[in-house]
Each structure stands twice: as C-alpha cells, then as structure tokens.
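I opened this notebook to keep track of what I looked up, in the order in which I looked it up.

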Amino acid sequence: MKLKQTVDKKIFPKELENQAINLLVYGQLIDKLKDDGTITQEFFYIHEDIPFFLQYYDVKKQIKIHTIDLLKIDFITAQIQDSKKYKLDPNTMLFILLQKNQYTLSFKNKQIRDLWWQGLNYFIDYSQEYIIKPYGYILAQRLFQQCDPDGDSVLDKKEIAIFTQNLKTMNPLVDIQKLLQIYQINPEYLEFKEFYEIISKLLHKDELLGIYKQYSEKLIKQDNLPPDLNFNQFQEKVFSVENSIFDPEKEQIDDMDQTLSNYYINSSHNTYLTANQLTGTSSVNAYVQAIKKGYCWDGADGKPIIYHGYTMTTKILFEDVIIAINKFAFIYSSYPMILSLELHCSVKQQEVLGEIMRKYFGDQLYVIQEEMQYLPSPNQLKRKILVKSTGTLEEFNNIIRGHKIKSTHVSPRASVMYDQIITFEEEPDAQFIPQTERKQRYNNLNLKKNLNYNKAVIHQYVRGNVQEDFDRPMDQMEMVLTKQSNVKHSPKFISCLTLFNTPFNFNVSSIWNISSLSEDKILQLFKKKELDICQFLTKQLVRVYPGGHRVDSSNYDPMPSFVVGAQIVALNFQTNDINMLINLSKFQENGNIQSGYVLKPQYLRQGTKIPSDFQEVAMLLKIRVISCSKLNLISQESINPYIEICVKGNPIDEDQNFPFKSKTVMKNAINPFYDETAEFDIYDIEQAMIIFQVFDYQMKTHLLGWYGISLNCMREGYRVVRLRGQDLEYMEDTYILVHIQKQLK
C-alpha cells in the first residue's frame, strides 16, 4: 500500500508552500490531546538530517524527544469526530493516525492548522522519494537518531561509547576501534556519514560470497542488471523487498466474482476497544483501524452509545463511529464492509440508529434483492455496507412491501450472552457446560433491565472452566431461552439490515441468515459433523467469535475455522499475538491484505472434499535457513538468537510435522549464521501456512521477530523473509536469508 493512497490529501495554495515548509523546519507550538482528554503543549519540528522524522517534545518538561515516522502514517484528516472526548473547535483540529497510534492536535486557528498540514504533506511526499537509498541507509539513519538523544546531529564521545558498547554486546567479535582507524574517524566526534560507513561494514554478509559467484550471472540476465554487478550491489539486491519470499503476483487482487460465501472475510471482534474487554478504552480510532463492527447499547440523552456491557470500558457515541466508518470504509479497499451490531437498545433508540445509518451511509447501504439463490459477489457489492444484526427477513420484507410491523420474537432456542447474541444448534453437552441453578443469574435485575425481554422459562448454562460465582462484571454465561420472548424492533432499523442473526441450524432457509458460533462450538462441529458443516458453509455465512473467557482480549487459533470453511473469523485486532499473525498472513493471499477477501480452496467451495480426506503427502517443502540480519543493533543485553519454523493448516499437516528449531548462535544479533535445513511433508497445500519465529535463547519468551506466509504465496530460490516486530509491523532491513525448494509428490 502506498502512502499517497491513504493520506487525506487536501488541496493547498501552491504559493504558500515555502511558508508551510518553514513552519515544519523551524518548528511550531501545538496542543496535543491525550486519550484521557488532557492537553499538553508540544513543540513539533522536522529532524535536521532525517526528513522523514517529525519530532516533538513537551515544552514544560523538555526531558524527552519523541519521534513520528512519516513513512508509517496511515491518515491525516480533520474529519474524525469523537464528541464524548473532545469539545474543541473542529476547524482547528487535525488527526494523524498511524497503524498502532494516533495523534490529536489542536492549533491556534484554522489558518495555522492548514499551513502546518500543507508542510507536513510536503515532507511526506519528499520522504517517499528519499527512501530509495542503498541497503542499510535508512536503518543507519534510524539508529543514528536513537544514538543521538539530544538531537544535535552529532554523536559526542559519550554517545559513541554507548553505541560501541551496545554493538560489542550484540557481537563481541565486532572491533569498533579498528573500524574507526580504517575510516580515519575521530573517536570523539561522529557525524552521520562516518556512522553509515561503520554500519555498512557491519552489515556485510560474507555468506553471500558463494551465492554471488554461483548466481550473479543468472541474476544479471534474469533482472536485466548491469553486467558489472559487484558484490555490494548483489547484496543490496538480495536483501531487498523485491527479493522477498512473498510472491508479488499475490499483491494483485484475484477472482472477486463468486458468491460471498466462497470467501474468507477479514473480521475484527470488539472493534471499539483498544485494550482488554474489562477496563479497556473505547475509541473511534479503533474503528478506523479495523473498520468492522461494534456493540450498541442504550445511552443517555437519547443518543446510542457503544461499549462493552457490564464492564468499566469507556463509551463512545454511535454517530461518531458511523461518521468515521463513512469516511474511511473504502479507503483501503472498495470491497464490501460488513458492520455487525449487537442490539441492546430500546425501540425508540433503534429508530435513532436507523436514521443515523441512513443519513451517513445513504446509497452505500445494500438493499436485499429478491429471489436470489446465492449471495452476491464482492465485485457486485463494491462500495456497499452490509449491516448485520438481530431481526428477521420476514420483518424486512413486510417493511419493504409496506405492511404493518408487529412486535417480533426471538426465535426459540436463541441464546443470549452478556456481551453478544449467540446461538446453539442443540443443548450443550452436560460435561462441557453444566446446568446451574436458575437463581444464579435470572434474578440479576440489571441483566433483566438491559436485555429487554418479558418473563420466560429459562435454563442456564455456564462454561465448566468459569467459576459459578457471578458477582464479577465480566463473567460470561449463556442463557438458552426455551420459550419465545418478546423483543420489539424498529422498522427504521430493520430496513437498514442485510444479514439477519439466526440460531445455527443445518436447515436454514435463507441466504441472508447468518449464524454465530463460539470458537469451542466450531471445533465441536469440526470433530463431530465435519461433512455437514463443510457442506453447510458452501452456501451459508457463519461468524466465529472468541470464547467468553477471553476477558484479556486474547485470540484463539483461527486456523481450524479457516480449514473447515467458516467465512467470518472474528479476532481481537487490538491484540498482537501469533493468532493475529496467522490471520494477517491468511489475508495477504489476495491483494496483500488490502482486499479483505480471500477465495476459499476449491474443494471447500464445491463441497467435493473435506479436510480429513487429505491422507497422502502432496509436497515436500525444504527450507534452508542460512542467516539473519540486524535482529537488534541497540540493546543493553547480549542476544543469543535461534529460529523456529512450524506448519499451520489442516490438522494432518500440523500433526505430522514437528516444529523445526535451529541451533543457537551465541551473542550475535547483527548477522548470526546457521546454514541448516528444515523439511516438511505437506498434505493440504492450499491450507498450509509457514510460521517463522526468532527467539532469544536466554529469554525464551523474548520474541525478536516473526513472519507468516501461506504456502501458495511462497517463492522458491534464495529469498529473504522480512521479519515483523511484536507489533506486527515490518522491521527495517531485518531478514532471514533462506533457500526454498518445493517438490510435488
């Protein structure tokens, strides 16, 4: 994704450009708003030597200089609204959104804001051209900035000593003093030019010499490179994004003309949260980051709000979220967005919800077409929003045809949870969810008040691993309603819906019905009714969501749900764990995460096979791990890296392949050398995914980097695995050098 495609590019007067640039170069005092609503006055300016670093510091404290990397900005806009938090003049505010952070700025007036915005856009454009530099150059600049805390663009004797000591910790064999002598560098005064020469020498990869001699001639012909390609140029070519293990053809969006049920659809859970489900902060920006769905509860003053019921999470206005979604929904992708609303509102406030969605979404709301045998395709639904919530197709049809709407009912055996409506195909196994006394929850007055139901005969079930003392606000419990209970719906709200929550049943009659299953339930169906669930998912949509015990917003393994063919596998996007890495890697298969849709394997689309049918090895995958580069160049501790590689996918592929673990290279985080080979027998090629992880031996929970890639996206030959950090963002010039070989059986 190119930055220019995502930044909100406002048109500014060309004659003011120099004035705007000066505002960034010489600096500007700006009010910075924190998440808690407090304001600090900060001084913002562009780094003197590194034009893609926007720096700032608190003018009162003047203790620490902070840095915003312009290359990592997703959006700049003046059009995000969060009325619950900010009461300032919106014409003086600017929002800068990065992948994992946001900055809310307030200026003295609109003129200064627009001028500063124009200057920032200039440096963003300049940075895009600036980053086309030799191998390691950008990394050297980032390291230099870290080593120069006072920001004077020169490393003094003390700063040089700290840097050299860190490098010695990373690799005791590094002789910095010798390098200083070779390049005739003053050991008490180090500018960036000399600093870069040292870093370039440290990054020299001797293990490439043999590969260079063997393959340089072939590479010159293959990529039309200069015939006099030297070793340094060869190294730069190998360690580049262009030589990534990821097949660039997968960056192109593939077939998007099949029915919606034939795709995996990227989906988040509890989108409004930026932390855990118990005390986490609710944020409009979280919707901008994930843009998927939230829960809707009654709020004060007739304005619906969004938060996690019965918890201490903060609240945001429904209208603010809809405004943000309306602006950003189709910036990354023009393909349809599904907005899932868990409804706990009165009929009166449902009317408000409907009015808000109609007001902002307008023609983008998809209206159901009659007499369709299959769901529309992503191409047919481009730039459309599909709203999913409680209600029935019968209600919708009555509204469209102008019939009077009666009070409707929740279907028998619908199941209600604290924080979401879920359903059961049958009563849970007694050993899995033991029956408890009715009085444990039915007498909870707050629960009865918020769920808006009439008296009903109920049985209660609670997960076996959850305590039976339900005094804590986040205890999860399912209540199976064995009799119908009256839940009224507003016609204005129902008319906005496309997908209707329905209890899971193999005999669902409409393609517009969608069922939700917990992570445990989908596993039960996979094990006990594999053929039935796979056949069901060829036509019907199913959403899988995290179990109620995950109050810390941890994620479940999405792979079993993918393997069985579930389309919507909802994860906690605010939590960066290995399961989020798997999800991210899955959706790189089509458009490199941008489309949000990945076509399911043919056998799952057509129902010709089920996962357990794969009993023969289809491919031998060989991965030769040669070396790593730049795992960490700034650290106070020695690092002893080793590499783990494992297979995710079809259960037989996970069961038959033990994880590979390399040797440990002691005290070398700069360029550890391995030269070891891992071999894996692959049964289900279309579902197989390879996970690379690099750990520190002495701190086995210390992750140095990781990467996931679907097997069908993996290129053969000498390639680099570009590692991500713990935040799932790519690390600068940090790779594993590998050789990939695929042998079909």
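The entries below begin with the source of the model and then turn to the rings and the helices.

**Entry 1, the model.** I noted that this is a predicted model, in which local features need pLDDT of at least 70 and side-chain atom pairs count only at pLDDT 80 or more, while totals for chains, interfaces and linings use all residues. Residues are numbered from 1 along each chain as its sequence is written, and side-chain values use heavy atoms, with hydrogens and water left out.

I looked up the aromatic pairs and found that the structure holds 26; rings of Phe, Tyr and Trp (its six-membered ring) pair if their centres lie within 6.5 Å, and planes under 30 degrees apart count as stacked, over 60 as edge-to-face and the rest as tilted. Because F44 lies in strand β2 (residues 39–46) and W116 in helix α2 (residues 110–130), the pair ties together parts that are 72 residues apart in sequence; helices (H or I, at least four residues) and strands (E, at least two) are DSSP runs, numbered from the N terminus.

I then checked burial, where buried means under 20% relative accessible area, exposed over 50% and partly exposed in between (1.4 Å probe, protein chains only). F44 is buried at 0%, and W116 is buried, also with a relative accessible area of 0%.

Y45 counts as buried at 15% relative accessibility, whereas Y57, at 23%, counts as partly exposed.

A charge sits over a ring if NZ of Lys or CZ of Arg is within 6 Å of the ring centre and within 35 degrees of the ring normal. K586 lies over the face of F562, at 5.5 Å from the ring centre, and R724 lies over the face of Y730, at 4.0 Å.

Which residues of α3 meet α6? With contact meaning heavy atoms within 4.5 Å, I listed Y137, A140, Q141, L143 and F144 in α3, which meet F192, F195, Y196 and I199 in α6.
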